[in-house]
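Subject: The structure, and some notes on it

Hi,

Here is the structure I promised to pass on. Have a look at it first, and then read on for what turned up.

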Amino acid sequence: MIHDLPDGRLFIGGEWEPGTGAEITSIYPADGSINRVLRGASRADGERAIARALKAQADPAWRGLKPHERARYLARIADGIEANAARIAFIQTRDTGKTLRETGALVASAAATFRYFAAALETLDDEMTTQRGDYLTLSVHEALGLVAAITPWNSPIASDAQKIAPALAAGNAVLLKPASWSPLVSLELARIVEEAGLPKGLFSVLPGAGREIGNLLVEHPAIKRVSFTGGTSTGRTLAKQAAEKLMPVSLELGGKSPTIVFKDTDQDLAIAGILFGMFSSSGQSCIAGSRLFVERAIYDRFVPRLVAATKALIVGDPMDPDTQVAPLVHPDHRAAVAGHVSRAVADGATVLCGGAAPEGGIFDSGAYYLPTILSDVRNSDRICREEVFGPVLVVMPFDTEEEVIALGNDNDYGLACGIWTRDFPRAWRVGRAITTGTVWINTYKQFSISTPFGGEKDAGTGREKGRQGIRAYQAQKSLYVDLTGRPHPWARLQEA
């Protein structure tokens with residue numbers, strides 16, 4: 001059972017059916033073998049899912065549930081994820097090439113997300129607002145109705161949970177479109193949601209082409225909100241489409257995050273954190289700390305140590321528990337990463353380590369790329385501006401706090417930042433001065449479902465996670481209740 005893969009049928013409005021859209025091939029990035037060939041969702045499949053979702057969401061059996069009753073479904077989904085953790089981790093490793101250690105952590109994160117939003121739903125209150133007249137005023141929140149979640153290929157189970165859990169908690173029906181490079185783990189999640197007893201029709205999984213099923217989910221008048229995680233160019237297009245129907249969206253897009261090392265830092269702490277923040281997930285992370293600024297006073301000592309530690313990382317089979325850097329998700333993506341490095345070298349960058357695909361044995365058939373560090377770059381170079389989404393780090397020196405703040409902010413993205421120093425007041429000043437959604441101080445790439453996450457500038461708009469994550473999937477309604485029992489004096493009513 002653990003090593004079986006989903007059979008390729010789609011979960012359309014609570015029914016397992018073959019898709020009728022374009023063919024999707026899921027491959028195992030470690031050796032290029034085929035996991036599964038399936039048909040994605042067509043526009044007709046999406047329309048069918050929408051019709052079933054609208055019916056299910058309007059049913060009093062769901063719509064009339066009290067918050068603690070909805071929370072029970074989320075808790076059962078969390079139980080199901082935990083009970084199937086080994087199987088889900090295996091499927092995600094096959095689908096994305098991530099190490100089994102990492103996919104196991106992502107599965108645990110997904111279960112914790114459903115459990116957190118179940119608890120938040122149980123304790124999230126509406127408000128009696130401050131009285132300003134002879135009337136009682138209240139603010140209540142209601143489900144939007146039908147929402148869509150569009151998730152990326154780099155960590156599907158965790159990204160899926162961060163959108164689905166609060167949307168269901170809020171009382172909505174949810175249509176999930178996973179990326180075509182990694183559809184299988186989302187289909188496995190559908191099986192768990194079904195087994196948890198969620199009313200049929202409230203959840204669908206619709207992998208498919210963005211131009212077909214993606215556009216449908218954004219443009220259809222019945223869809224009341226879209227939460228999207230993916231590339232900035234796609235996010236811009238989605239935002240324009242959503243604006244035409246005045247639909248709210250949240251967009252978690254790209255990143256080119258600065259990591260700043262001051263001369264007083266604990267160098268061992270910094271090097272370990274930089275390696276994890278950049279090269280875990282093989283660099284395929286929107287928050288990867290891909291621009292490294294090192295204070296000039298320690299640059300010549302720190303960078304060689306970092307390079308040596310990078311060369312010692314274990315690149316290999318994602319199923320091997322010792323592997324730290326696994327293959328990239330697809331050969332086409334590896335070619336794109338290699339192209340970024342080649343252009344950087346042509347622009348004058350020096351390769352301190354990596355800069356190529358490893359050779360021999362398993363490396364010849366897999367989509368591997370060595371952890372890479374580039375120096376002799378300027379913050380204005382293309383390699384410092386464009387999101388590579390692979391294991392490629394650029395390193396630059398700086399002299400003053402003011403200079404590094406300016407360099408850190410001189411970028412179109414504003415998703416994350418890492419600061420390494422023993423001086424807390426300095427860390428506070430720099431962290432507040434950098435325009436970004438998340439700042440890590442003497443750590444990196446740590447997450448909490450209780451803490452809001454999102455970006456600034458071209459990194460996106462809106463926030464996910466946290467107790468208020470549920471409210472993002474609800475509409476706020478104000479109620480006024482007269483307390484006087486008297487007709488309004490404006491009408492000047494005459495006695496009968």
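Please keep in mind that this is a predicted model. Let me start with Thr323, which is found in the loop that runs between α11 (296-311) and α12 (331-346). Is Thr323 buried or exposed? With a relative accessible area of 3%, Thr323 is buried. A polar atom of its side chain lies 2.7 Å from the backbone oxygen of Asp317. Leaving aside residues up to four places away in sequence, Thr323 touches Thr99, Arg101, Ile314, Gly316 and Asp317.

Next, the sheet. Seven strands make up an open sheet in the order β14-β15-β16-β13-β12-β18-β19, and their pairing is mixed. The edges are held by β14 (350-353) and β19 (438-441); each has a single partner strand, so one side of each is left without a neighbour in the sheet. On average, neighbouring strands here are turned by 25 degrees against each other, direction ignored. Strand β18 (residues 416-420) and β19 run parallel and are joined by four bridges; Ile419 has Ile441 in β19 as its bridge partner.

Two helices that pack on this sheet are worth a look:

- Helix α10 (residues 267-279) touches β12 (258-261), β13 (291-295), β15 (372-375), β16 (392-398) and β18, and its direction makes about 140 degrees with that of β16.
- Helix α14 (residues 401-409) touches β12, β13 and β16, with its direction at about 175 degrees to that of β13.

Now for the aromatic rings. Searching the whole structure gives 13 aromatic pairs. In one of them, Phe11 and Trp16, the ring centres are 4.8 Å apart and the planes stand at 45 degrees, so the pair is tilted. Phe11 is buried at 4% relative accessible area, whereas Trp16 counts as partly exposed at 23%. Phe11 also pairs with Phe203: their ring centres are 6.4 Å apart and their planes at 50 degrees, so this pair is tilted. Phe11 belongs to strand β1 (residues 10-12) and Phe203 to strand β9 (residues 203-205), so the pair ties together parts that are 192 residues apart in sequence. Phe203 is buried, at 1% relative accessibility.

Elsewhere, Trp440, Tyr444, Phe447 and Phe453 form one aromatic cluster. There are also charges over rings: the charged end of Arg76 sits over the ring of Tyr73, 4.8 Å from its centre, and that of Arg426 sits over the ring of Phe262, 4.4 Å from the centre.

Best wishes

Technical notes
Residues are numbered from 1 along each chain as its sequence is written. This is a predicted model: local features need pLDDT of at least 70, side-chain atom pairs count only at pLDDT 80 or more; totals for chains, interfaces and linings use all residues. Side-chain values use heavy atoms; hydrogens and water are left out. Rings of Phe, Tyr and Trp (its six-membered ring) pair if their centres lie within 6.5 Å; planes under 30 degrees apart count as stacked, over 60 as edge-to-face and the rest as tilted. Buried means under 20% relative accessible area, exposed over 50%, partly exposed in between (1.4 Å probe, protein chains only). A charge sits over a ring if NZ of Lys or CZ of Arg is within 6 Å of the ring centre and within 35 degrees of the ring normal. A polar contact is a pair of N or O atoms within 3.5 Å; within protein, one must be able to donate a hydrogen and the other to accept it, and residues adjacent in sequence count only if both atoms are side-chain atoms. Contact means heavy atoms within 4.5 Å. Two strands pair if DSSP finds at least two bridges between them. Axes are lines fitted to C-alpha atoms, for helices over the stretch in contact, and angles run from 0 to 180 degrees between N-to-C directions.
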